[in-house]
Amino acid sequence: MPLAEIQTAPLKEKRKRPLVAMQSVSKVFSSGTVALSGMSLTVENGEFISLLGPSGCGKSTALRIIAGLGDITSGTIDWPSSRINAKGLPEGDIGFVFQEPTLMPWKSVFGNVYLPLKLRGVSKAAARDQIMSALATVGLRDFAEAYPRELSGGMKMRVSIARALVTKPKLLLMDEPFAALDEISRQKLNDDVLLLWKMTGITVIFVTHSVFESAYLSSRIIVMKARPGRVHADLPLVTNRERDAHYRTSEEYRRACETVSYSLIGAINAAKED
Ligand SMILES: Nc1ncnc2c1ncn2[C@@H]1O[C@H](COP(=O)(O)OP(=O)(O)OP(=O)(O)O)[C@@H](O)[C@H]1O
């Protein structure tokens, strides 16, 4: 059954103006590599979107472009529901979580999470409540004074997420954040990110290679095709069921994984035929 047929919640009714709209975006690197061509994607406020696709299809490039970390060669990116700052980005900030936690080893957890506020000139004293609140959101309130070397891989990634959240962004971009973690830590962090999404109403765009991860987390999955990168399929996945351990073993989840998996195979085959 297509994912569209198992939609149940009227999520779209809540949404008015999109958060971000990419129209026919292309990105050609100076090396000549065409990373994206004619990529269009509209993201509504409050969505949890996964970008899924084979290696090299332009997922990270698309994410970095949305974050304002790279120019586009052609096309447009608009933020219809936001005021735009001098950098052409929406006010209210964007949080970015990379595949590696990228923590400063010489700084405590508190010091690492403080960094984005420090860069904005906020004093440590004034930032304290915001930092502790971000740490509480990822379950690390009691580890503020610890150093990265004392933390597990999953905990380091939580610090990285807290650092991305400390400025209270309306958009959280995550680039394969859990790919390097063991399966148990990954599942736990999946649940934590889902809880965070529900609690805060933040919009999330999540890059992953994993069909299973995308089908578990997302309200919509964008399957991308390579050479050049663009949208191959747009799969809404809305369910009234709690995404939890029971969901992972449910028939609904199995069907979702199957549909996404077929779509991914289609994207890979389509790229071969181009
Ligand atoms: N800075 C760069 N300069 C030149 N080419 C680049 C650069 N960054 C990425 N590319 C190329 O652009 C294409 C898309 O890369 P990108 O990293 O966005 O893909 P991806 O889908 O995120 O891949 P992966 O899943 O392996 O991380 C690839 O061919 C890559 O080699």
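I'll take the domains, then the ligand shell, then one serine, then the strands.

Two housekeeping points. Residues are numbered from 1 along each chain as its sequence is written. This is a predicted model: local features need pLDDT of at least 70, side-chain atom pairs count only at pLDDT 80 or more, and totals for chains, interfaces and linings use all residues.

Domains. The protein chain splits into domain 1 (3-92 + 170-273) and domain 2 (102-169). Those bounds come from an automatic or database domain assignment. The C-alpha centres of domain 1 and domain 2 are 25 Å apart. Where they touch, domain 1 puts in 13 residues and domain 2 puts in 8 residues. Contact here is defined as C-beta atoms, placed from the backbone, within 7 Å. On the domain 1 side, strand 6 (171-175) and helix 6 (183-200) are the elements giving two or more residues. Helix 6 gives the most, 5 residues. By class, that side of domain 1 has 8 nonpolar, 2 polar and 3 charged residues.

A word on terms. Helices (H or I, at least four residues) and strands (E, at least two) are DSSP runs, numbered from the N terminus. For classes, Ala, Val, Leu, Ile, Met, Phe, Trp, Tyr, Cys and Pro are nonpolar; Asp, Glu, Lys and Arg are charged; the others, Gly among them, are polar.

Now the ligand. How many residues surround the ligand? The shell has 14, and the closest are F29, A35, S55, S60 and T61. A residue is near a molecule if its C-beta atom, placed from the backbone, lies within 6 Å of it. Helix 2 (residues 59-66) supplies the largest share of the shell, 3 residues. By class, the shell has 3 nonpolar, 10 polar and 1 charged residues.

Stay with S60. S60 sits in helix 2. Is S60 buried or exposed? S60 is buried, with 20 other C-beta atoms within 10 Å. The cut-offs, with C-beta atoms placed from the backbone: buried is 20 or more within 10 Å, exposed is 12 or fewer, partly exposed is in between. Beyond its neighbours within four places in sequence, S60 is in contact with D175 and V207. S60 and E176 are 116 residues apart in sequence, yet 8.8 Å apart in space, C-alpha to C-alpha.

An open sheet is formed by 3 strands in the order 2-1-4, with antiparallel pairing. Strand 2 (34-43) and strand 4 (74-78) are at the edges with a single partner strand each, so one side of each has no neighbour in the sheet. Pairing takes at least two bridges found by DSSP between two strands.

Strand 1 (residues 20-28) and strand 2 pair over 6 bridges, antiparallel. K27 stands opposite L36 in strand 2. V20 stands opposite V43 in strand 2. Their hairpin has 5 residues between the strands, and G32 there takes a positive phi near 100 degrees.

Strand 8 (residues 220-225) and strand 9 (residues 230-236) run antiparallel, joined by 6 bridges. I221 has L235 in strand 9 as its bridge partner. This hairpin has 4 residues between the strands, and R227 takes a positive phi near 50 degrees.

That's the tour. Thanks.

How values were computed. Contact = placed C-beta atoms within 7 Å.
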